[in-house]
Amino acid sequence: MSSTKIDRRNFLKVLGLGGAGAALAGCDMPSYATLEEGEEQVFSYLAPEEYVIPGIGVWYASTCLQCPAGCGVHGRVREGRALKLEGNPNTAVNRGKLCQMGQAALQTHYNPDRIAKPRIGAKEVTWAQALAFIKAKSTGTPAWLTGAISGHQGVLMDAHLNASGGGKHYGVEIVNAQAWRSACADTIGDAQPDLHIDKARSMVSFGADVLGTWISPVKFMADYGEFRAAPRGVLTVIEPAMTLSGANADHWVAARPGSEAAVALGVANALATEYSVSTSALPTGVADAIFTMTPERVRELSGVDTRTLSRIAGTLMSNSPSLVIGDGSYENAVAAMALNLMLGNIGATITPGADLVPADLAMRDGSTKALANFAKNAQSGDIQAAFISGANPVFTAPDGLNMKDALAKIELKVAIAMFEDETTQFCDVVLPLASPLEDWGTHAPPLGAARGEIHVQQPLMEKLHPEALGLGDILLGLAQDAGAAGLDDFEDYYGYLRTAISAMIGTGQEAAWQDVLQAGKVQAPATQRSFTANGSLTINVPESKAPGKGELILITTARQGLYDGRHANLPWLQEAPDQISKAVWDSWAEIHPTTAARLGLKDGDYVTITSADGALTTRIFLYKGVHPDAIAVPMGQGHTHYGRYASSVGVNPLNLLGADTDARTGEVSNTTTVHVQATGDNRYLVRLMDIDRQYGRKLTATISADQQRRNQSNKQGGA
Amino acid sequence: MPSLLGNIFKGWAHYSKGVEEGGHHDYEHMFAMVIDLDRCTGCNACSTACYAENNLPVVGEDKFGARQAMHWMRVERYFDEPDMDKIAAAEETDTQSRGASFLPMMCQHCNAAPCEPVCPVGATYHTLDGLNAQVYNRCIGSRYCANNCPFRVRYFNFYDTAESWPAPMDQQLNPDLSVRSKGVMEKCTMCIQRTRAARDTAKREGRALIDGDIQTACQQTCPTSAIVFGDLLDETSAVAKIWKRQQVKLGTYKQNKENPDLRGYRIFEELNVDAKVLYLERVREV
Amino acid sequence: MSPDRPKRRPFPWIRTVMAVGVVGASIVLGGQLLEQERRGGESPVTEAGPRVPNAQFPTDTFNGKDVPQPINYSHKLHAGDLGINCLYCHTYARRSKVAGIPPTSKCMGCHTVVATADEKPEIEKLAAMWESGQSPAWNKVNDVPDFVHFSHERHLQKFLFDNPDMNVKDSREVCAMCHGDMVEVTVAKKMRPLTMGFCNTCHENNNGPADCTRCHK
Amino acid sequence: MSAQQSLAHKHLTYEQAKDIDENIEWAKINTDVLRSMENPRRGYWVAMFISVALFAVMIYAEVYQYQFGMGPAALNTSHMWDLYISTFVFWIGMSHSGTLLSAILHLVHADWRKPIYRFAEAMTTFSLLTAGIFPVIHLGRVWNFYWVMPYMSDRGLWPNFRSPLIWDAFAISAYLTSSVLFLYIGMIPDLAICRDNAEGWRKKLYTWLSLGWRGDDAQWRNFRFTYLMIACFLIPLAVSVHSIVSMDFSMSIMPGWHVTTFPPYFVAGALYSGCAAIITLFILLRYFFKFEHFMTMPILDKVCKLTFVIAMVWTYLNLVEFASVWYGHDIPSKEVLLAKASGPYSPFFWSMMLFGSILPFALLSPWVRRNMYVLFFVSVFLNVGMWLERWMIVTPTLSMGHHPQAFNTMWPGWVEWAMVGGSFGWFGMLFLVFVKVFPSVSMYEVKEMVYHRKRTVYEDVDEMMDLHSGVPGPSSAPASQTTGGA
């Protein structure tokens, strides 16, 4: 690859800039200027490779790191510039598809706000100086604070931590599926079972945004496409505020925040009583809880009436195999798994996952528990040196964790980042990180792993900022400095990775390596897990608290797009309207019209939302997709230092959250009680469409599922 | 007679021929699309893919609020269901109990496009591939076409767009199509640059274009495979099959289907614009 | 009107009709002449121009200015005296829309053997760049606007490879259709106008695509 | 002489029943009209300054728009046209008055037109020149405007002859050419008079322009024939021009535009605004240039009545349009109609109905027709109503249309307003120059008129007895071709 490097650099420096500049001239009036002889320059290659032809795009396989799902991508490279990303059809995860966050990875790479040079404090330094500074300052055990990390980067991180006296790794993801994972672990003994939405004929989700941000959205959406094909599956979503999944549900049920579990148990109750489904498969503790959950109780807890419960039960019964998922709180997930156990979905639509054989390649998923622990340990002074990469704790930490004070207690804070953000402001050393399109790596996608698939990430183009280094290279360097064993004979991460993968596929031949690069994935040996029932499981139904007078329950929702805020600096995603509210370039608070009427609010009014931990002011968006007791503010905006596109846009609802954590999972709660007060200002919330009605036009027509079944039965209109 | 008069006569003959054949000239292809609204989740991936593929400028909040955004592919969201309410009213009228309705809306490449006859300089016209093309460097920006478009899918460069790509973002610009300057009308071309590339490849390999050679950016990225693109003249193409199965025909403003339950419909068909994007109705449990 | 008006002269119909006829005729004929002008004469194939069978091409010429280049490469020497095929160096033209500048490695392929660096000062420049791993910055001579899609590959295929009466070794003739006969110049020079009219005439004569979007992007 | 004094005395003229006093001497006509062309007074310069200032603002706005694109005009994806096109239609409409007065009334031998048709024709020409600006400046790439003209280029490209905008280009240029011709040819005898009374650069100018007019027999004969021919040619042209302009809208498929009755509706509206403008300018000229002898109240009275009739025709066609939409089954069109009447633009819609359909009834009262101060404001507001009408045709449709996603309300940006104001400045500039360089009252035709009136008087004995007892006159009328001349 070292030989192609030089070519690619030529590519970039050479034809690339000229091409782009010319493209900008577009068809404006004075475009003839470019026609003058000798006006433009054209460079030639030194020694190009056979497949490199100017004017013809070459596709390289790589991996998308925009979210933990780790989809495989194909990048179109022409004249040394990565121009477009598409899904990699070879992967089992996304099967050639990509979501808008993946499409926008290009702007992460080309972002004008990238960090170009290392800096200590405010002044720019060389790598040598920075590393020397780190070496000097790093006393005691280092801690790594990252997002979800997997593959050989994880291995090297362990190597570094072990070599430097067994520090801890904190994987932080605000948007995660920890509740679901621990529930699965407790009920069926497999934290990451494989889900087959495409096999299911009905799916019920209790507070899990399966199509939007949950575990592996693109995979689930691809499955959903099959799920909707003949015979058409039925999707039911129970949640306090409408997510992308809820917007696509046949039957969307608004439950009071924190009461989805009650609804789930109510449905189980209805199944047991109306359809006499046996609860023998359940642990007795859970079965008892089900029978205490009478429809009346469910209504008082969640505000969901009996008819709805029995309708959901009926749907589940009449369309099997079914699949029930739940997230948001441990109880939701356990109750969902209880339903799966009752309906016999275990083994049908939920199958065991697999363990990669070098187990340390597996994905270390992030959690907010880790975030809380990090804050706690930092406060208590257990962390002397922190290496932060791929995480923005200052922005994502709920206000209750006092992350800033916690960081202040750490002597050495090293940020390895692509962009200046809220966290780098608090760091002593900031090292420029290469973008995912410039870096090597391997990634074990959470669900691809079930097939033992590891996605390989390779550079699509030469580094935009020569001083930026890949995470792997930095980890390798640190591990080598720390004197980790068996790493000394690798001069860069590429060498290490190639050796490791060659070992994995059992051959070191160039051809095999090229095949791996072309496929963009490597088949790692994996051992299938198996389910184990857990009889002693209990579930304690939360007394979901109806808000008191003048109070509302704040929900911080995540949307595919800005996600947890890491994509707020990508103009494409800022300008891509939010799926539900269609708002752009700002934050908003979703309120039910009746609630708004009670508070005397109308669309576009500014409100001040006050919680025990903070207050923020934003505009409201009225619609019926949120529970009357709730007010939902999406995450992602409200950055203070995050480049020209994100800074001082919108508000960050995480600032309102407290530190209270879930007893079973240790996850920080994403809801809190707030007071809402109108400020009196009103400005139109900029969005794609302020009209939600079709005025009798046939724009999005809808037919009933019965008609569709008739179509599918006579083999017509299935499409 | 060569040259001027010759061209005029030739043009007239061609035109009258087209009139006799109901406006269908000698098309080489008839590229059309199918969008399954039951698969579409409204996730916006198509729109962003379009931004990446077609050098669409980002305008920012103010201009977006002034409705000067340039999204060729916009995903609309509606909260009412006119047809559904006839069948069964939502059981809880105070919640969005059947979710939202999403509609990916881009240029429908009408065969009887209202935008084409009104352009004073013929900058928008119908190609032999059955696409409604926009020649940017011919456009003088009279904006008549956009006024006459019932779908409102033509976007005008109200400002110079250079500042949308601060360095090094300009390196991402797709060199296969020009960056439009201010005062030019633009719209979805169904990724005509990909058609061009595919045609060259096919010629290089000495074969005809086959189904699957061309994938539009939105189709390729759509996570639920809700978008299908292809050639209607090619009986074997997926698109042609779906149109046939849905019993929807071109060249009419009133489809007579044997099976009224079929989901295929074209938006504003009654205007007789003869759109080439077939939408499949969204399905909901009652 | 008074009753006793003298008899009026009749309206001069004949003169009017004649005048209109003259005007109309002059418009049409003028159009014809301009048209002929546009296509550069009634008989497009001339002795001076290149000889490509089954092809009619415009003979409009353009006297481009001399563009200084980092290395005074002589087309006359290489393509003319030595008779090297254009496609040997501009090899991308066969496979891509752009003809491209030959990679330095190709130059050095010969010039490490013949006319080496210590013989020729120009080659010395080249060798120096090759050693330092940087590529010469050539100044573009022939260019089309950024909204034009021109594929060398397609044109070569039509006029050279798919042309029964053409031999690949005569590629120079085909290139000359748009670039003029490069052996006449040392350092490259623009010798054809490369305007839309120029392209259009050739497309009409050799029934190339008349669809705007085939060439305009 | 008593007649003279009574004429000079303004109040008495109200009572005068005749269009013009046939005793007025030809020499006086010459002197009065020529005097109006001499040394402008302060008011003239003030008006000129205002006009130039407005026009300068327009130039600035255009340069700004050229620099930054159409964005500052606040146009958006559904409002691609706005004030530019509506003001364009407005000015085209203004241009129909001159044709109406000179051509149509000429053909029907309504000789009371004679004192006032000259400035009406000038108005025609200048409002066409003003209207012609707008289709150009509203282009996104204005530097390529000539591409709409069919010219021989080496690209072998032609405009799209199916586009109503191209028809506009042809129709307007044709109309402009012929109306300029009409104005100029009609002026030749007067130019000869000016030539004979001028010196300095004016002398050169008029000599050059009057084409050696001597007023002899053959010249008069050819002159009359040509004038008649052009008049006949101009009338269908005028009708066609505004019909074609209306096709910009009626050929589209937009609700509220796709209306069959638009061509006659537009023509009626055009004549309407034209007449209203004539009243305005009539009063101004009469007041500033002391043209009481020629622009008499009875003539004004006739113009007012004509205006009222046309206003009623326009109102009828307006109601026809509403009715056809209301009783039709095209939902979008009905929505647009309702939006006009009740939406954000409703104030403008209703004021347009008020000014356009209700206000004309004021013209029924003789008091209004005689009170120039009231009449002035009435006529101005009639034109405001007509301008609003054009705006209410263009914008509400674009704010509704077919696709709900595009429904939005839009208010014009400062650039657009600057252009609209500037167009009035430009028109004013041209007109002010005209009245000082060319006779704004047709001298030779007024003489004709006076002469004919004399004859008619003598044919009517009673009137002779009542009005001019004992005033001697020529016993035998000479042939008409010897009238007029310098």
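This is a predicted model: local features need pLDDT of at least 70, side-chain atom pairs count only at pLDDT 80 or more; totals for chains, interfaces and linings use all residues.

Student: OK, chains A and B. How many residues does each give to the contact?

Tutor: Chain A gives 107 residues and chain B gives 101 residues. The area buried between chain A and chain B is about 8700 Å², with 55% of that from carbon and sulfur atoms. On the side of chain A, W572(A), E575(A) and T702(A) lose the most area to chain B, together 8% of what that side buries.

Student: And how many salt bridges are there between chain A and chain B?

Tutor: Twelve. One of the salt bridges pairs R194(B) with E86(A), where the closest N and O atoms are 2.9 Å apart.

Student: Which helix of chain A gives the largest share of the side that touches chain B?

Tutor: Helix α7 of chain A, residues 217-228, with seven residues. By class, that side of chain A has 50 nonpolar, 27 polar and 30 charged residues.

Student: What about strands, which ones join chain A to chain B?

Tutor: Strand β29 of chain A (residues 702-704) is joined to strand β11 of chain B (residues 282-284) by three bridges, and the two run parallel. Within that pairing, I703(A) has V283(B) as its bridge partner.

Student: Switching to chains C and B. How much area is buried there?

Tutor: About 1900 Å², of which carbon and sulfur atoms give 49%. T213(C), R214(C) and K217(C) lose the most area on the side of chain C, together 32% of what that side buries. The contact takes 19 residues from chain C and 25 residues from chain B.

Student: Which residue does R214(C) meet in a salt bridge?

Tutor: E28(B), at 2.9 Å from N to O. The interface of chain C and chain B has three salt bridges and eleven residue pairs in polar contact, both residues at pLDDT 80 or more.

Student: Now inside one chain. Where do D706(A) and R709(A) sit relative to each other?

Tutor: They are three residues apart in helix α23 of chain A (residues 705-713), so about one helical turn separates them. D706(A) and R709(A) form a salt bridge, with the closest N and O atoms 3.0 Å apart. D706(A) counts as partly exposed at 42% relative accessibility, and R709(A) is partly exposed at 34%.

Student: And in chain D, is E448(D) buried or exposed?

Tutor: Buried, because its relative accessible area is 6% and the cut-off for buried is under 20%. E448(D) forms a salt bridge with R224(D), the closest N and O atoms being 2.1 Å apart. R224(D) is in helix α10 of chain D and E448(D) in helix α18, so the pair ties together parts 224 residues apart in sequence. R224(D) counts as partly exposed at 27%.

Student: Last one, where is G212(D)?

Tutor: In the loop between α9 (201-209) and α10 (217-250) of chain D. G212(D) is partly exposed, with a relative accessible area of 33%. Leaving aside neighbours within four places in sequence, G212(D) is in contact with R195(D), T207(D) and Q219(D).

Terms used
Residues are numbered from 1 along each chain as its sequence is written. Chains are lettered from A and ligands numbered from 1 in the order in which they are written. Side-chain values use heavy atoms; hydrogens and water are left out. Contact means heavy atoms within 4.5 Å. Buried area is the accessible area (1.4 Å probe) that two parts lose on being put together, summed over both. A salt bridge is a side-chain nitrogen of Lys or Arg within 4 Å of a carboxyl oxygen of Asp or Glu. Helices (H or I, at least four residues) and strands (E, at least two) are DSSP runs, numbered from the N terminus. Ala, Val, Leu, Ile, Met, Phe, Trp, Tyr, Cys and Pro count as nonpolar, Asp, Glu, Lys and Arg as charged, and the others, Gly among them, as polar. Two strands pair if DSSP finds at least two bridges between them. Buried means under 20% relative accessible area, exposed over 50%, partly exposed in between (1.4 Å probe, protein chains only). A polar contact is a pair of N or O atoms within 3.5 Å; within protein, one must be able to donate a hydrogen and the other to accept it, and residues adjacent in sequence count only if both atoms are side-chain atoms.
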